[in-house]
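Subject: A structure for you to look through

Hi,

Here is the structure I promised to pass on.

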Amino acid sequence: MKELLILGAGTSGTMMANHLRKTLPKKDWNLTIVDQEETHYYQPGFLFLPFDLYKTKDVKKKINKFIPKGVNLIQEKIERIDKDNDVVLLQNKDILHYDILIIATGTNIAPQEIEGMLGDHWHKSVFDFYTYEGSKNLRNKLRNWEGGKLVVHISEMPIKCPVAPLEFAFLADSFFINKGMRDKVDITYVTPMSGAFTKPKATEALNYLLEQKNIKVVSDFNIEHVDGENKKIVDFAEEEIEYDLLVTVPTNMGDEMIERSGFGDELNYVPTDKTTLQTTVKDNIFAIGDATNLPASKAGSVAHFEAEILTENIKRFIEGKELKQEFDGHANCFIETGHGKALLIDFNYNQEPVKGSFPFPGVGPLSLLKETHMNHMGKLAFKWIYWNMLIKGKHIPFVTATMNTAGKQIEETINNN
Amino acid sequence: MVVEKIYGELCVTCNEQGYLTDLNQWTKEVGSEIANEEGIDMTEKHWEVINYLQDECRKEAPLSIRKIGKSGVVSIKEFYQLFPKGPLKISSRIAGIPKPVSCI
């Protein structure tokens, strides 16, 4: 009997467990998945929770509900991977042998990386919304907040769901208008990039949103420390920005277990081939989703497309065939813009987001790089798709793993990647 | 939109923001001319940073201020002294590599 071991039962790991149990014969392959958590979070919902648009029950379910029969779930902390001996050591001293390993341990916030970010002010005047706790505490804060300077801030790239902070700023504008207190709130978006939008087509199509919503942008701001006492953030060029409420995306890092295992880059991401999803650590170790160092967005949709290709490549690896170099960095993301509207973007490693229609070329019903109510409905429907199809490894009709160029207004553009 | 620009005796292809679209077209002379446009007086230390950025770019490693600070080539403070006001985007332009971008 051979052993396939998956580390992490989040979006990627759960999808792989579902895909592989259907693919690999039960008589030959044992499947085991390890995760210390008991709750599976619908992370896109962390954006809606602070504004009371979702309730806590919308974003969490029991982790074991989504692990298929025939897959062994171990709820224990992972100590490290011993790649030389093909084993994983758990905190309870158990040792798990594997023939094939899939790393799906994701990424997490690391506020401790920024001087002064943690402290008495954490989750009082300085919040993240990338964790369940952060998102829920921010909701409680916003329910009673009387207004002032709201600073929405990105510490450094890469981050999970790079558009989420922008969506947060848009939804905040909508939220305070609906509460009748927009005039009491000053919204500033602070980014280490050269602007809120960095791709030519998106800048051209979307820059009006910031002006329309009266959101100030401070670009090229690389945070050096948070001065919690005086409520300001300071960058390496000594520029200071004052806040009353700081909603920050801290540095994102891969799991510390990766560091303990002796591989990973300076942010604990696993070096992975960007087309096959095999790691460069060892042939029998694969990685998927936010845990990898791929130059793709860290997003659930990317993990979903990767899962289809990784399943095929695991099969090929077992059969001793050459791996398919197929993954193209495909991502497909809704971007909430407030007031019941949203954008949709569909792109890959080489193609920047452009205008067009999706998924049916020339028909839609969704519009690319354009604010519509239909896109917002798509985003809301996605929660159902996530819980009922996506993590269960069901193919989403009409949406292919690699990006489709049909239906997109593509001209000779500069490759920005 | 792609723009052709002449630096010294070489014709290179840039995007509308003045970043080279192909690192293979880069020469030290091109780098020097772009540095002039940016108002940077290049020293050995500047070139050391430029070489590091190009090496990382060839490896397709994403660049950030933190990564450069941890590289051992230059500290973040020094990086700001060498290329004031947006060091990563200025040094990337001189190095002939794309400026760091997000997904939109």
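**What I found**

In chain A, strand β12 (residues 148–154) and strand β13 (residues 185–190) pair in the parallel sense, over six bridges. A quick note on words: helices (H or I, at least four residues) and strands (E, at least two) are DSSP runs, numbered from the N terminus. Two strands pair if DSSP finds at least two bridges between them.

Before you go further, this is a predicted model: local features need pLDDT of at least 70, side-chain atom pairs count only at pLDDT 80 or more, and totals for chains, interfaces and linings use all residues. Residues are numbered from 1 along each chain as its sequence is written, while chains are lettered from A and ligands numbered from 1 in the order in which they are written.

**The sheet around that pair**

To find one bridge of the pair yourself, go to A:Gly148, whose bridge partner in β13(A) is A:Val185. β13(A) also runs parallel to β14(A), and four bridges join them. There, A:Tyr189 has A:Val217 in β14(A) as its bridge partner.

So what is the order of the strands in the open sheet of chain A? Reading across, the five strands go β11-β18-β12-β13-β14, with parallel pairing. The edge strands of chain A are β11 (126–127) and β14 (215–218), each of which pairs on one side only. In general, strands of a sheet pair through backbone hydrogen bonds, either parallel or antiparallel.

How does the chain get from one strand to the next? From β12(A) the chain crosses through helix α4 (residues 164–178) of chain A to β13(A), and this β-α-β crossover is right-handed. That word applies if, with the strands pointing away from the viewer, the path from the first strand over the helix to the second runs clockwise. Another right-handed β-α-β unit is made by β13(A), helix α5 (residues 200–212) of chain A and β14(A).

**Chain A as a whole**

Chain A has eight helices and 24 strands. Its radius of gyration is 21 Å, close to the 22 Å that the globule rule gives for 417 residues, so chain A is as compact as a globular protein of that length. (The radius is taken over C-alpha atoms, and the rule is 2.2 Å times the number of residues to the power 0.38.) The C-alpha trace of chain A spans about 65 × 50 × 40 Å along its principal axes.

Of the 417 residues in chain A, 48% are buried. A residue is buried if 20 or more other C-beta atoms lie within 10 Å of its own, exposed if 12 or fewer, and partly exposed in between, with C-beta atoms placed from the backbone.

Across their boundary, 14 residues of domain 1 of chain A are in contact with 18 residues of domain 2 of chain A; contact here needs C-beta atoms, placed from the backbone, within 7 Å.

Buried or exposed, with 29 C-beta neighbours inside 10 Å? A:Ile6 counts as buried because of those 29 neighbours. Leaving out residues up to four places away in sequence, A:Ile6 touches A:Gly13, A:Met16, A:Ala17, A:Ile33, A:Ile102 and A:Ala104.

**Chain B, and where the chains meet**

Chain B has five helices and two strands, running β-β-α-α-α-α-α from the N terminus on. A compact globule of 104 residues would have a radius of gyration near 13 Å, and chain B agrees, with 13 Å. Of its 104 residues, 37% count as buried.

B:Lys85 is in the loop between α4 (76–82) and α5 (87–95) of chain B. B:Lys85 counts as exposed because it has 12 C-beta neighbours inside 10 Å.

Finally, 26 residues of chain A are in contact with 23 residues of chain B. On the chain A side, the residues divide into 16 nonpolar, six polar and four charged. For those classes, Ala, Val, Leu, Ile, Met, Phe, Trp, Tyr, Cys and Pro count as nonpolar, Asp, Glu, Lys and Arg as charged, and the others, Gly among them, as polar.

Cheers

Key. Two residues are in contact if their C-beta atoms, placed from the backbone, lie within 7 Å.
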